[in-house]
Amino acid sequence: MLIAAWIIVVVLFLVGMAGAVYPVLPGALAIYAAFFVYGFMVGFEPLGVWFWLVQTTIVAVLMVADYAVSAVGVKKFGGTRASVIGSTIGLLIGPFVIPVAGLLIGPFLGAVVGELIVGTEFRQAVRAGIGALVGFFSGLVVKLVLQLLMIVLFIIWVV
């Protein structure tokens, strides 16, 4: 049972880390779920109240930061709400339309199209698209660091 638990936990950790890059996957929630799998299959004893408070806080910060960091990137480059919405749609659709490259092209094109729809001039729309990419990469770094922190804290708490 212990080996099966660790296999599931590691798989959920991998899915969670992949979710930092690929937005369709659950990301931090998969890592959070791994803690419950461990608790139900091995035991909740090593995971005390402080563990759950710290991990839940990190997940909450990740949820807010995921949207906020991307939006800040777009806004810093002069984008509007339309480019934030467009880049989010592009981020979700892009990888399906153009696998792998869609992760970069999707948010960029989504922001540009969003700006063009509301009547922004092309040059500024492209700036907003670049801001969407900056926001995407900034958010990616934040997610990777915080999700890695979640995993490291779990290992420290359990071992």
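This is a predicted model: local features need pLDDT of at least 70, side-chain atom pairs count only at pLDDT 80 or more; totals for chains, interfaces and linings use all residues.

Me: What does the C-alpha trace span along its principal axes?
Reply: The spans are about 60 × 30 × 15 Å.

Me: What percentage of the residues is buried?
Reply: Buried residues account for 42% of the 159 residues in the chain. Buried means under 20% relative accessible area, exposed means over 50%, and partly exposed lies in between (1.4 Å probe, protein chains only).

Me: And contacts between residues at least 6 apart in sequence: what share joins residues at least 24 apart?
Reply: That share is 66%, where contact means heavy atoms within 4.5 Å.

Me: Now the largest nonpolar core. Which members touch the most others?
Reply: Of its 23 residues, V9, F13, F35, L47, M150 and F154 touch the most other members. A nonpolar core is a set of buried Ala, Val, Leu, Ile, Met, Phe, Trp, Tyr and Cys residues joined through side-chain atoms within 4.5 Å.

Me: Which helices supply at least two residues of this core each?
Reply: They are α1 (2-21), α2 (28-41), α3 (49-76) and α6 (122-158). The largest share of this core, eight residues, is from α2.

Me: What is F154 in contact with, leaving aside neighbours within four places in sequence?
Reply: F154 is in contact with W6, V9, F13, F35, Y38, L47, F51 and Q55. Another core, of five residues, lies apart from the largest one, and its members include A71, V74, A111 and A132.

Me: Where is A71, and is it buried or exposed?
Reply: A71 sits in helix α3. Because its relative accessible area is 12%, A71 is classed as buried.

Me: Changing topic: at what angle do α4 and α5 pack?
Reply: Helix α4 (residues 81-97) and helix α5 (residues 102-117) pack at an angle of about 150 degrees, with their axes 6 Å apart. Axes are lines fitted to C-alpha atoms, for helices over the stretch in contact, and angles run from 0 to 180 degrees between N-to-C directions.

Me: Which residues meet there?
Reply: From α4 there are A82, S83, G86, S87, G90, L91, G94 and P95, and they meet G102, L103, G106, P107, G110, A111, G114 and E115 in α5. The contact divides into six nonpolar, nine polar and one charged. In that count, Ala, Val, Leu, Ile, Met, Phe, Trp, Tyr, Cys and Pro are nonpolar, Asp, Glu, Lys and Arg are charged, and the others, Gly among them, are polar.

Me: What do the buried residues of α5 pack against?
Reply: They pack against α1, α4 and α6. The buried residues of α5 include G106, P107, V112 and E115.

Me: What should α5 span at 1.5 Å a residue?
Reply: Its 16 residues should span 22 Å, and the end C-alpha atoms are 21 Å apart, which agrees. The expected span is 1.5 Å times one less than the number of residues in the helix.

Me: Back to α1. What does M17 touch?
Reply: M17, in helix α1, touches I31, L144, Q147, L148 and I151, not counting residues up to four places away in sequence. M17 and I31 are 8.1 Å apart, C-alpha to C-alpha.

Me: And G16, buried or exposed?
Reply: G16 counts as buried because its relative accessibility is 0%. Leaving aside neighbours within four places in sequence, G16 is in contact with G27, A30, I31 and Q147.

Notes. Residues are numbered from 1 along each chain as its sequence is written. Side-chain values use heavy atoms; hydrogens and water are left out. Helices (H or I, at least four residues) and strands (E, at least two) are DSSP runs, numbered from the N terminus.
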